[in-house]
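Keep the structure open while you read.

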Amino acid sequence: MAQSETPPMSAAMTPARRLRNIIGGSAGNLVEWFDWFAYAAFTVYFAPVFFPKGDSTAQLLSAAAVFAVGFLMRPVGAWVMGVYSDRKGRKAGLTLSVTLMCTGSLIIACTPGHASIGLAAPALLLFARMLQGLSVGGEYGSSATYLSEMATAKHRGFWSSFQYVTLISGQLLALLLLIVLQKTMAETDLAAWGWRIPFFVGAALAVVVFWLRRRLDETTAFIASDASEAPKSSALLLILKHPKEALMVLGLTAGGTVAFYTYTTYLQKFLVNTSGFSKATATEVSAAALFVFMLLQPAVGALSDRVGRRPVMIAFGVMGVLFTVPIMTALSGVESPYIAFLLAMSALIIVSGYTSINAVVKAELFPAHIRALGVALPYAIANALFGGTAEYAALWFKGEGMESAYFWYVTGLIGVSLLTYIRMRDTGRNSLITHD
């Protein structure tokens, strides 16, 4: 057993090396989320291939249900790989997650449609999304923990915000690939087979990421924890020793995740199915808004380093409660793509108060020996309940002829999170991350 809590490698952790690790971890996260969001970006094209019966809303609803099942697997992935990352290392967890994502993408890329293999087609699609759900469930905790532990205390909000920079970048790249294919392929070809291209691309990039993540340094916080007498990470330990923090993660995530998925993955479909834009125009509006949203993350993260995490999250909660219904109502009747962009951008500016710092807030709540699991599991449960079902809930309300009720549903969940932000301590001032 080590004689000191500070491992020998810490002396060699120069600023340049630390930056290389943060960039390396972020680049891997980008590819993980490209694979995850390619499903959402291309749903409007492949839904008829796997679910041929019914109108467009019914097909999207079926595909959204599979999307939601992927989220239901995220708590399982968070549990299994959160424990794995706490016991074997952050780097080990990151490497395993990208392997699962690669496998899921290959299955989607290669699966024949319903016309060829019948019910086996949606069954294989479901299985692939379950694998990807396992992957992303573990990815979030490992990546949030890795970036938060690798950053220095003074700039932890800034550097940890790159988790959502890369998360949004992955979604943005999926949308940009969709735009390129829309510009270069006939609509019939894109619907018939072109939608498979991003899943092949994602699988190939995952191989590169596997190599990249094998070269990352382990964090000082994990090495010190591994050398200590701290109890081994487990779900039982989380429930018995850290129930308050776990419930806090559930509460602070609920409103943020439903708002995020409403204005990102669902927005493209909303602009087509409700606002009446073409698929290409809706994709361009979504991509432009996401690009600006991505650039906002480090700025808001840096702001939290100066003013604290709690005021930033409270600002999201207050503005989300006040403006969600007006923004969504305006978007439902908008005719100009430029006005649609401005409305979407105003919503995403509000959501940045959550997305930019939620990862570091969760990491700062837990000690190192259970940090990856503590970050991942309650977050994944909240995502399964609220984030993964956002699209399905929105389409269900629309199918029932009361679409505006969904706007109030989102507002209510943001209100629940606001209460959590008001009651919680400022983690930036009281962080349990003790090693830089």
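This is a predicted model: local features need pLDDT of at least 70, side-chain atom pairs count only at pLDDT 80 or more; totals for chains, interfaces and linings use all residues.

## Arg17 and its partner

Arg17 makes a salt bridge with Asp217, and the closest N and O atoms sit 2.5 Å apart. Look at where the two come from: Arg17 belongs to helix H1 (residues 15-41), while Asp217 is in the loop between helix H11 (197-214) and helix H12 (220-226).

Another one joins the side chains of Arg213 and Glu139, at 2.9 Å from N to O.

Now find Lys279 and Glu187, whose side chains meet in a salt bridge of 3.9 Å, N to O. Lys279 lies in helix H16 (residues 279-307) and Glu187 in helix H10 (residues 187-192), so parts 92 residues apart in sequence get tied together. Lys279 is partly exposed, at 27% relative accessible area, and Glu187 is partly exposed too, at 47%. There's also a network: Asp86, Arg90, Glu149 and Arg371 are joined by salt bridges that share partners.

## A buried glutamine

Next up is Gln132, in helix H7 (residues 120-150). With 0% relative accessibility, Gln132 counts as buried, because the cut-off for that is under 20%. Its side chain has a polar contact of 3.1 Å with the side chain of Ser105. Besides Ser105, Gln132 touches residues including Asp35, Trp36 and Met101, setting aside those up to four places away in sequence.

## The nonpolar core

The largest nonpolar core has 116 residues, and Phe42, Trp195, Leu331 and Tyr406 touch the most other members. Helix H9 (residues 162-184) supplies the largest share of this core, with 11 residues. A second, separate core has seven residues, among them Met13, Leu94, Met150 and Leu216.

## A patch on the surface

Which residues form a nonpolar patch on the surface? They are Val318, Met319, Val321, Leu322 and Phe323, and together they have about 390 Å² of accessible area. Val321 is part of helix H17 (residues 309-333), and at 30% relative accessibility Val321 counts as partly exposed.

Notes:
Residues are numbered from 1 along each chain as its sequence is written. Side-chain values use heavy atoms; hydrogens and water are left out. A nonpolar core is a set of buried Ala, Val, Leu, Ile, Met, Phe, Trp, Tyr and Cys residues joined through side-chain atoms within 4.5 Å. Buried means under 20% relative accessible area, exposed over 50%, partly exposed in between (1.4 Å probe, protein chains only). Helices (H or I, at least four residues) and strands (E, at least two) are DSSP runs, numbered from the N terminus. Patches are made of residues with over 30% relative accessible area and no salt bridge: like charges are joined within 9 Å, nonpolar side chains (Val, Leu, Ile, Met, Phe, Trp, Tyr) within 5 Å. Accessible areas come from the Shrake-Rupley method with a 1.4 Å probe; for residues, only the protein chains shown count as cover. A salt bridge is a side-chain nitrogen of Lys or Arg within 4 Å of a carboxyl oxygen of Asp or Glu. A polar contact is a pair of N or O atoms within 3.5 Å; within protein, one must be able to donate a hydrogen and the other to accept it, and residues adjacent in sequence count only if both atoms are side-chain atoms. Contact means heavy atoms within 4.5 Å.
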